[in-house]
Amino acid sequence: MPRALQPSYARAVQDVVIVGAGAAGCVLAARLSEDPGTAVLLLEAGSKSRKLEIRIPAAFSKLFRSEIDWGYSTVPQAELDAREIVFPLGRVLGGTTALNAMMVLRGNRADYDDWAALGCDGWSWADVEPAFARSGAGPFPLAELPDRNPLTEAFVQAAEAEGIAFNPDLNSGDNEGVGFVPVSQRRGRRFGVARGYLQPARRRGNLTVLTDALATSVLLEDGRAVGVEYRRADGSTAQALARREVVLCAGAIGTPHLLQLSGIGARVPLEQAGVTPVHELPGVGWGLVDHLASGLLVLTQGVETLASAESLRNVLRWALRGRGPLTSNVGEAVAFVRTDPRLSEPDLELLFAPVLFQEEGLKQPTEHGITVGVIALRPRSVGDVVLRSSDPLVPPAIDPRYLTDPGGEDLATLLTGLRLARRVVAQRPLAEHILRELLPGDEAQSDDELLGHVRALSQTLYHPAGTCRMGTGEQAVVDPLLRVRGLQALRVVDASVMPSLPSGHTNWPTVMIAERAAEFMRG
Ligand SMILES: Cc1cc2nc3c(=O)[nH]c(=O)nc-3n(C[C@H](O)[C@H](O)[C@H](O)COP(=O)(O)OP(=O)(O)OC[C@H]3O[C@@H](n4cnc5c(N)ncnc54)[C@H](O)[C@@H]3O)c2cc1C
């Protein structure tokens, strides 16, 4: 049943209520509250954590399964040996940007021109570039790592020796080539949207930030969103009303889940979960896309890797000077390549980390080594996010359906990528530091052997998107102004609106989406 309004809470009326203080929510709250005449409430399920690992770049994977992670896993993935893939997502001020790898990458200009071609007017490269530039020039600064690992330099040179051209600016719109990754850091510490956008905005009297507030339902009246019901940490519920708009920024998993809990989505799964459909929108939760990462793990010699980053000396270097290996974002370099010269843009990423990234990041490395991640940039496999229960505390079923595309192209790209990664590792100067390939191991050479490796060990690269797609077709959930179709005063602004994955990483594109949304809403 739709929730009844509680008049006693009518005092908590704002102009705009935003759900979720992650990459998008922090940006949008900051931009909208620049207008002193707009009262903004930002609701966040997590808390304002002071965990040191949030600030220390190299420590991000220690936050997996901590109290600032939603702690989700996918449902068993048929093509990955029925494994339930660890699926970290931030539940804290800053959202997933509090535990991400800080890589700041836009993708390729064609990604956005493709969005426009799909009917998303206002989202071509020419349209989005100013929004990228606005954030990068100010609240979301791009930095260089202060102390790159020598093996990262060796990887870049080895990739060049393999014929991959050096790209000095991976964010120009043409991302092809190998290069060093810009990061969202300042003085060797994480500097994401929570610090760059939200922190300065919190001084404003017209912005209220409520943490430990889990939104459980969008309040609808006659087809119009009028507010949000939320649950506090003590289990009590409250309502926040919005005079102008409710905006969902709860991320590619949280937003479709909240819409479904509110009776907005495909009829059958709602009814199966015991939720009365209020507004049928078949695309809610459908369309989950993600970057799946396979790769090589290689033992090295002669150079210290991040396996020894936590020595007392390094802790002091980080704490006193913002230097040393603890400033590493782990993913220090990337190569974007075309697996077929007939392609017009890169379809494969090699991601270099000067450490063994094992067991989905849950295992701390004990030996020196490197990881060369292999990622199909334009995945064709599509999954979904579906609520399991009308109880908002029950996690939704997350099913990316990795490697299920009928043509098998996602898998083919990964196999090509594994072989390319091996050729790069065999090039000097990186080759001089190689002890041996740990996984899949030299004995794995045939397609079947490499396939076994992909099935047994691939993991998410943490880029879920597309679950409330922007567009014009039947499955579109929002229009190009990010308004939920068929309802009033309700928008979605986060990674879930992406009509396809950018062929890079998703943080900066999500920041850009929120910058665009602020333009639309102020306009
Ligand atoms: C380990 C890891 C590493 C990554 N590394 C990179 C990287 O290096 N570069 C890159 O570009 N991208 C990276 N990403 C991805 C990037 O961080 C995300 O794409 C981006 O944060 C998505 O932004 P969002 O606003 O859509 O969602 P989020 O940032 O996840 O924000 C959603 C917010 O909504 C809150 N929320 C959810 N449901 C509710 C509810 N019902 N009520 C109230 N609040 C709610 C959540 O707690 C969260 O704070 C990484 C992700 C992970 C997990």
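**Entry 1: the ligand.** I looked up the shell around the ligand and found 36 residues, each with a heavy atom within 4 Å of the ligand. Glu 44, Thr 96, Met 103, Thr 506 and Asn 507 are the closest. I note that this is a predicted model, where local features need pLDDT of at least 70, side-chain atom pairs count only at pLDDT 80 or more, and totals for chains, interfaces and linings use all residues. Numbering runs from 1 along each chain as its sequence is written, and side-chain values use heavy atoms, with hydrogens and water left out.

**Entry 2: polar contacts.** I looked for pairs of N or O atoms within 3.5 Å. A polar side-chain atom of Trp 70 sits 3.1 Å from a ligand oxygen. A polar backbone atom of Gly 90 is 3.2 Å from a ligand oxygen. For Val 92, a backbone N or O atom lies 3.4 Å from a ligand oxygen. On its own the ligand has 1,000 Å² of accessible area, and the protein covers 96% of that (Shrake-Rupley method, 1.4 Å probe).

**Entry 3: what the shell is made of.** I read 20 nonpolar, 13 polar and 3 charged residues. Strand β9 (213–221) is among the elements supplying at least two residues; β9 gives the most, with 3.

**Entry 4: the cores.** The largest nonpolar core has 77 residues. I take a core as buried nonpolar residues (under 20% relative accessible area) joined through side-chain atoms within 4.5 Å. Helix α12 (residues 507–522) gives the most to this core, with 9 residues. Another core, of 44 residues, lies apart from it and includes Phe 87 and Leu 415.

How values were computed
Buried means under 20% relative accessible area, exposed over 50%, partly exposed in between (1.4 Å probe, protein chains only). Helices (H or I, at least four residues) and strands (E, at least two) are DSSP runs, numbered from the N terminus. A polar contact is a pair of N or O atoms within 3.5 Å; within protein, one must be able to donate a hydrogen and the other to accept it, and residues adjacent in sequence count only if both atoms are side-chain atoms. Ala, Val, Leu, Ile, Met, Phe, Trp, Tyr, Cys and Pro count as nonpolar, Asp, Glu, Lys and Arg as charged, and the others, Gly among them, as polar.
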